[in-house]
Amino acid sequence: MKHKIIEKPAFSVVGKSIKTNCNNGQNAVDIPAFWGNSMKDGSFTELMPLAGELGMLGVCVMGDMETGDLTYMIGIEVGENAPTGLEKVDIPSATWAVFQTEGQVNEVMFSAFEYIGKWMEEEAYTYADAPSLEVYPNMDRDMEIWVAVIRK
């Protein structure tokens, strides 16, 4: 899997979110359903034209590591003129490991995160305290997975 390391200053994302849980794979059911519902209810269509350079984003904010609770947002990167009426997540300045996936998202997501976990061990990185990102620059079938990292 192609990857690169980049530095990105802090930024904000606005959108709408759901609460889910990664125990027993519940997030693998809830998140695709959330994308489908967002496309059906028009919220995706409203955000897409406002998307910046990164495109549409999936933002995964871990809540409680012990319980597996997390918040997942579909959103866009914003500057000072953010649309109103949406939830906001502030993303800290970080070093990011960016992985380029190929294929349908629902088919590659699990194997991509398996690969990322192995890569982090081999390259002596650990997770930084920041959400992980799914970046859809062109809304085609490929995406980037951004993981904030720190050298061990």
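Is tryptophan 119 buried or exposed? Tryptophan 119 is buried, because its relative accessibility is 6% (buried means under 20% relative accessible area, exposed over 50% and partly exposed in between, with a 1.4 Å probe and protein chains only).

The model shown in these views is predicted, with local features needing pLDDT of at least 70, side-chain atom pairs counting only at pLDDT 80 or more, and totals for chains, interfaces and linings using all residues. Residues are numbered from 1 along each chain as its sequence is written, and side-chain values use heavy atoms, with hydrogens and water left out.

**View 1. Tryptophan 119 and tyrosine 125 form an aromatic pair.** A search of the whole structure finds 7 aromatic pairs (rings of Phe, Tyr and Trp, the last by its six-membered ring, pair if their centres lie within 6.5 Å; planes under 30 degrees apart count as stacked, over 60 as edge-to-face and the rest as tilted). The pair of tryptophan 119 and tyrosine 125 is stacked, at 5.1 Å centre to centre and 10° between the planes. Tyrosine 125 counts as buried because its relative accessibility is 10%. Ring pairs link Trp119 and Tyr125 with Phe99 and Tyr115 into a cluster.

**View 2. The largest pocket holds about 1300 Å³ of space.** A pocket is an open set of points on a 1 Å grid over the protein atoms alone, where a 1.4 Å probe fits, with protein on both sides within 12 Å along at least five of seven lines; lining residues have an atom within 4 Å of a point. Grid points are joined across faces, edges and corners, and the volume is the space filled by probe spheres set on the points. The lining has 36 residues, and Asn27, Ile31, Met109, Phe113 and Glu134 lie nearest the pocket centre. At least two lining residues come from each of helix H1 (26–40), strand S3 (56–64), strand S4 (69–78), helix H3 (105–122), strand S8 (132–136) and strand S9 (144–151) (helices, H or I of at least four residues, and strands, E of at least two, are DSSP runs numbered from the N terminus).

**View 3. The largest nonpolar core has 26 residues.** A nonpolar core is a set of buried Ala, Val, Leu, Ile, Met, Phe, Trp, Tyr and Cys residues joined through side-chain atoms within 4.5 Å. Trp35, Met56, Tyr72, Met120 and Ile145 have the most contacts inside the largest core. H1, helix H2 (43–47), S3, S4, strand S6 (94–100), H3 and S9 each supply at least two residues of this core. A second, separate core has 16 residues, including Val13, Met73, Val98 and Val135.

**View 4. Asparagine 24 and alanine 124 are loop residues with positive phi.** Asparagine 24 is not a glycine, yet its phi is about 55°. This asparagine lies between strand S2 (11–21) and H1, and asparagine 24 counts as exposed because its relative accessibility is 83%. Alanine 124 has a phi near 60° and lies in the loop between H3 and strand S7 (125–127). At 30% relative accessibility, alanine 124 counts as partly exposed.

**View 5. Aspartate 129 lies in the loop between S7 and S8.** Aspartate 129 counts as exposed, because its relative accessibility is 78%.
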